[in-house]
Amino acid sequence: MIQGTNDYSIVSKRSVEMLYKPVLSGSEDKPTEYFKHVVKKPQRRSPAINRGYWLRMHSIKESLRSIMDQSTSETVIIINLGAGYDVLPFELLENEKTNIFCIDVDYPDLISKKISLIRGSSELRHIINEKSESAIPKHGIMLKTDNYAAVGCDLNDLPLFEQLMTELNLCRDDVCSIFIAEVSLAYMKPTCANPIIQETSKFPNSHFLLLEQLLPAGERHPFSRTMLYHFSRLDSPLQCVQTYPTIEEQCERITSLGFNNVEARDLFHFWKALSADIKSKIASVEAFDEWEEFVMYAQHYIVLHATNSNVQVYQDTEDEKEGTESTEFVETNLITIEGPELIQRKFAACQSFEGDIVLHGGLDITRSNTTVVIKGNCATEITHNDPLSKLMCQSLTNHNGKLHLSGGRSAPGKPTTECWSIGKLQEKLPDLLEPRSRHCAVSTENGLLLFGGCNGDAFSLLSDVNLPAAWKNISSSMPNLEAAAMCYHDGLGLIAGGMLKSGTINGTVYSFYVQGDTVISKPIFQHKLLARYGSKVVHLKGSEYIFIGGVSFHQLFNQENWLVKFNIDTKTVIPLKISDDDWNNFPMLVGFNATIDETSKITCIGGGAVCFAFGSVSNPQLLTIVHSST
């Protein structure tokens, strides 16, 4: 079944080639396409999968280019272990000025099919200089020209691998040998994969590039659980990741196998290292609103470089972790309700109202326009007489005893200006001045206040005095943020997290209050654990708040820091540790909502994520959070 993972990967890379290459090539001419020779029926993947595979391909190419740029050898030999139908050799041979010899290694039957694809393409035959093809030697070297070889070898057969590498004359001082294992050794047990890695360390001037899965928050993180189940269901379980789940353990592994110089990053490091120009071009490829799943995906992959030379590929250092107060334990409970399918919605709008929890819209299999009311442990769905648009990423606010529904989006990049009151009586409210999605809304003494999620003014107010007059934008020094968290109590508001227009995540906590036609805001303090996208903030008491869920560009949140408490007076952050039992089945705190009722009980409802190509996860239960401050 590992063959199936190759097929999926190649089709995904072809999707990237069709969409990304024309934008990023920097040429007015149509860029050369290579995957078209091995993918006869292309499919367009989702935006998150396209961006994820582009980043995966980019990380390998950038690592290769850095090694080759620093090489003093006349010839660079690139050996792709478990190459599948990947076209990297043909792209390198046609575009790199370095003298390159490429070797593809995979199962004999797969290599045989790849050779048929090569022979069926005049362009590929030209690239590998087919006229120089030599008589086929023994022992699995199934195709060999003066710049390319296709080798049929089961990598579980170490003696055969050693023999083939010897026959290809790789053990030479005058060449630079670069071995690539892009999610190939991951399917082999460590007892079989490790000897292959160890063998590559014996070559003079050798380099080893590894890209495979990580479990940075353990195998019980909701994304990790989904990923592991996906590969097991395909009958191609990941064999190494549970033995070497973190970057540190992977580095120790490779060092123990004979490489003295080992450096590694997670895949998301390569996104952060991109220039603003490249990110802008990527943003223009297709509408994108899947940041959470993209970030979590990239944080679940390692890109590692190992060598016995002094070549360093990843020059910049990783972020240092910021100090926190001592961790406190937090009590969480999962509550099963009647009608659990009704709350399995992602990016719905939610609000406590008259002792109940009201959930509206959002995404299950498709976007919804119905309202769900949760009374105690029972969920009931309400269909409106005047059907509302099917939207997600809206805001729902209890203001003056009415539920105000504002903004949201249909497809990515298509936010709306719609506003409604959806209490006992459904009423159309004035439209927003501009579309907003992934914004925040709170009820204030001055009116209904919206923040962020748009291209214009950060704040907009629907004043109680001027009803039914239209919204008005009000001035502020606050930066405009997408997917920030906001709460308001006793005349004081607080904003944390969210994404700036530059694409960086805000780690500063701001306080604010409304004064006439102005929002007066003030930065309080900043901390990396508060730099979150898609989180929720709830006021506990006094100067204490709890920050729940979301994703970070600094790390994958885990059992000890997905929930944190912070104090705006002492400017301290305290991670709240989830118990082992609760963590085993903890919900996905992405695309969720958090409410607090009159008794100060915090309830998280809905949420989930499409975990890249590994499947979806949704939350069929309510999560309650109990903390001493409440």
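**Briefing on a predicted chain**

Asp-490 is found in the loop between β22 (485-489) and β23 (492-496), where strands are DSSP runs of E of at least two residues and helices are runs of H or I of at least four residues, numbered from the N terminus. This is a predicted model, in which local features need pLDDT of at least 70 and side-chain atom pairs count only at pLDDT 80 or more, while totals for chains, interfaces and linings use all residues. Residues are numbered from 1 along each chain as its sequence is written, and side-chain values use heavy atoms, with hydrogens and water left out.

- Asp-490 is not a glycine, yet its phi is positive, near 50°, and because its relative accessibility is 77%, Asp-490 counts as exposed (exposed means over 50% relative accessible area, buried under 20%, and partly exposed in between, with a 1.4 Å probe and protein chains only).
- Asn-129, which is likewise not a glycine, has a positive phi of about 55°, and this residue lies in the loop between α5 (122-127) and β3 (141-144).
- With a relative accessibility of 30%, Asn-129 counts as partly exposed.

**The whole chain**

- The secondary structure of the chain comes to 13 helices and 34 strands.
- The radius of gyration, taken over C-alpha atoms, is 27 Å, close to the 25 Å that the globule rule gives for 630 residues, so the chain is as compact as a globular protein of that length; the rule is 2.2 Å times the number of residues to the power 0.38.
- Along its principal axes, the C-alpha trace spans about 85 × 50 × 45 Å.
- Of the 630 residues in the chain, 58% are buried.
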